[in-house]
Amino acid sequence: MSKQGIDPQVAEAQVIRFKNGFKWLEIVAPATPEKGIVTLTQNQMESLVSYYESARIDGKCKFVPASGAASRMFKDLFAGLVECEKNLGLLPDEPAAKFVKNIGKFAFYTDELFKDKTPLEVLSNTLTETGLNYGKKPKGVLKFHKYHDEDGSIKEIRTAFAEHLVEAQEYLREKDGKNVNLVVTVSPEHLELFIHAFDDIRDEYEKRFNCKFNVRFTFQDPATDTIAVDEHNKPFRTLDGSLLFRPAGHGALIGNLNAIESELVTIKNIDNVALEKHLPVTSLYKKVLMGKALEIRDILFDYIRQIDAAKNDDELLVLCNEIESYLDRNLCITIPNIEFASIKDRAAVVRQILNRPVRVCGMVRNEGEPGGGPFIVKGNGGVTSLQILESVQINKADENAVAALSNATHFNPVDLVCCIKDYKGDKFDLNKFVDNGAGFISSKSYEGRPLKALELPGLWNGAMSNWNTCFIEVPVETFTPVKTVLDLLRPAHC
């Protein structure tokens with residue numbers, strides 16, 4: 001524990017959490033275009049883009065979670081490699097067979113590694129140290145896209161990380177028009193790969209796009225790892241007798257986000273990129289989301305100032321009624337109709353709700369892609385809010401919860417915009433807005449033995465539970481993830 005900076009009392013509390021589990025969240029309804037998800041007209045979109053381009057912003061930054069190896073991306077290929085090594089052959093409809101058949105279409109194809117090779121050689125040269133070793137490298141440094149000249153020859157090959165740079169300079173330049181800031185979370189063992197990937201293109205891209213990229217690589221704090229337990233909720237020990245601690249999911253990255261000094265932060269996963277020809281649509285909707293976040297920020301800040309300037313109880317009463325109506329209509333925040341000792345007490349509660357970080361999340365119509373779902377949830381004190389929930393957080397034994405899940409129309413593709421400074425211009429301490437009761441327990445294995453793992457409240461789930469949230473519908477064209485290697489054959493990438 002001391003090696004990782006983990007407090008023994010924290011680990012003990014985690015073991016108790018395994019025993020007691022997490023309390024199910026009370027779902028009021030799915031967030032839909034009828035209530036909870038905003039669908040915008042063309043005029044509204046243009047207005048929000050203008051708002052973004054003219055707003056006062058104390059720094060901008062793109063936050064890209066990129067830690068972890070791409071092993072899950074190649075899961076099917078590893079299975080195919082085992083079959084080939086056993087001389088079993090590949091069935092035509094297997095993912096590995098489709099990969100081998102289309103090997104020439106991938107950006108990482110070279111004649112030396114893949115031309116006229118057997119399926120075994122193709123898979124081995126992709127996954128292992130005999131070739132690209134992609135099975136152990138992070139997604140960010142994998143070659144995702146190739147670009148051609150008019151004569152069909154290859155002009156450029158880009159990694160996922162390179163596409164994030166190109167995308168960021170399109171819509172996230174500082175007010176000087178030059179500086180572009182990115183924070184990328186990586187694993188310590190992959191840092192050198194990312195540094196080399198950046199060094200290879202930095203000078204060329206800064207010249208081509210007439211900008212300056214400021215990239216900071218950060219690590220997930222080992223102290224956020226959580227203890228694993230066995231099936232009897234006792235600390236899991238490895239074969240050498242050591243306690244096992246596991247990375248606690250994206251929720252552990254709230255500390256990395258909290259360390260960013262910029263006011264406006266966009267969040268997008270490392271694998272959610274597309275060929276540059278799709279950038280106009282991506283850029284448009286990112287500006288829309290940023291404009292909406294800034295608009296909400298300014299409205300909430302103005303309300304805080306009005307509360308502070310109110311001269312008497314009558315003014316506070318009118319103001320509270322107006323604010324609560326706005327919160328209900330725009331953010332699905334409803335405050336229970338309870339008796340306050342005074343109007344000042346009611347105003348204090350309202351003011352506390354106003355004075356929180358703001359996030360605007362893009363929501364895509366559900367067409368079968370994975371992703372967290374948007375819901376209206378009742379929290380502590382009966383106050384409702386908009387939340388993004390994973391399916392594992394929904395009580396399948398609760399008929400109302402299951403009905404809400406089945407009636408959900410959208411999912412969150414991890415396309416977020418955050419405003420993380422308060423009305424005075426000071427940074428919020430984001431750790432104060434985490435719902436520590438919104439994590440979940442998952443089943444894993446280690447050394448061939450089953451275990452239970454504790455996931456901290458997800459970065460865009462429980463870690464942002466107590467933020468002021470707005471959901472905006474965005475087109476599916478803005479969501480182009482690469483979850484498996486065959487996704488690179490989709491039109492957005494090929």
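Residues are numbered from 1 along each chain as its sequence is written, and side-chain values use heavy atoms, with hydrogens and water left out. In this predicted model, local features need pLDDT of at least 70 and side-chain atom pairs count only at pLDDT 80 or more, while totals for chains, interfaces and linings use all residues.

Strand β12 covers residues 373–378. Strands, like helices, are DSSP runs numbered from the N terminus; a strand (E) has at least two residues and a helix (H or I) at least four. Five of the six residues of β12 are buried. Buried means under 20% relative accessible area, exposed means over 50%, and partly exposed lies in between (1.4 Å probe, protein chains only).

Strand β12 pairs with β13 in the antiparallel sense, over six bridges. Two strands pair if DSSP finds at least two bridges between them. Ile376 has Leu386 in β13 as its bridge partner. The hairpin of β12 and β13 has five residues between the strands, and Gly381 there takes a positive phi near 75°. Strand β1 (residues 26–30) also runs antiparallel to β12, joined by four bridges. Here Pro30 stands opposite Phe375.

Ser385 belongs to strand β13 (residues 384–389). Is Ser385 buried or exposed? Ser385 has a relative accessible area of 13%, so this residue counts as buried. The Ser385 side chain makes a polar contact of 2.8 Å with the side chain of Gln387. A polar contact is a pair of N or O atoms within 3.5 Å; within protein, one must be able to donate a hydrogen and the other to accept it, and residues adjacent in sequence count only if both atoms are side-chain atoms. Leaving aside neighbours within four places in sequence, Ser385 is in contact (heavy atoms within 4.5 Å) with residues including Phe375, Ile376 and Val377.

Ser442 stands opposite Ala453 in β17. Two residues lie between these strands, and Glu447 takes a positive phi near 55°. Gly458 is buried, at 10% relative accessibility. Its C-alpha atom is separated by 3.7 Å from that of Gly251, 207 residues apart along the chain.

The whole structure holds 17 aromatic pairs. Rings of Phe, Tyr and Trp (its six-membered ring) pair if their centres lie within 6.5 Å; planes under 30 degrees apart count as stacked, over 60 as edge-to-face and the rest as tilted. Phe74 and Tyr134 have ring centres 6.2 Å apart and planes at 45°, so this pair is tilted. The pair links distant parts of the chain, 60 residues apart. Phe74 and Tyr134 are both buried. The rings of Tyr205 and Phe209 lie 5.7 Å apart, centre to centre, with planes at 85°, so this pair is edge-to-face. Tyr205 and Phe209 are about one helical turn apart because four residues separate them in helix α8 (residues 191–209). Tyr205 is buried at 1% relative accessible area, and Phe209 is buried at 14%.

One aromatic cluster includes Phe74, Phe99, Phe106 and Tyr134 among its members. Elsewhere, Arg158 lies over the face of Tyr147, 4.4 Å from the ring centre. A charge sits over a ring if NZ of Lys or CZ of Arg is within 6 Å of the ring centre and within 35 degrees of the ring normal.
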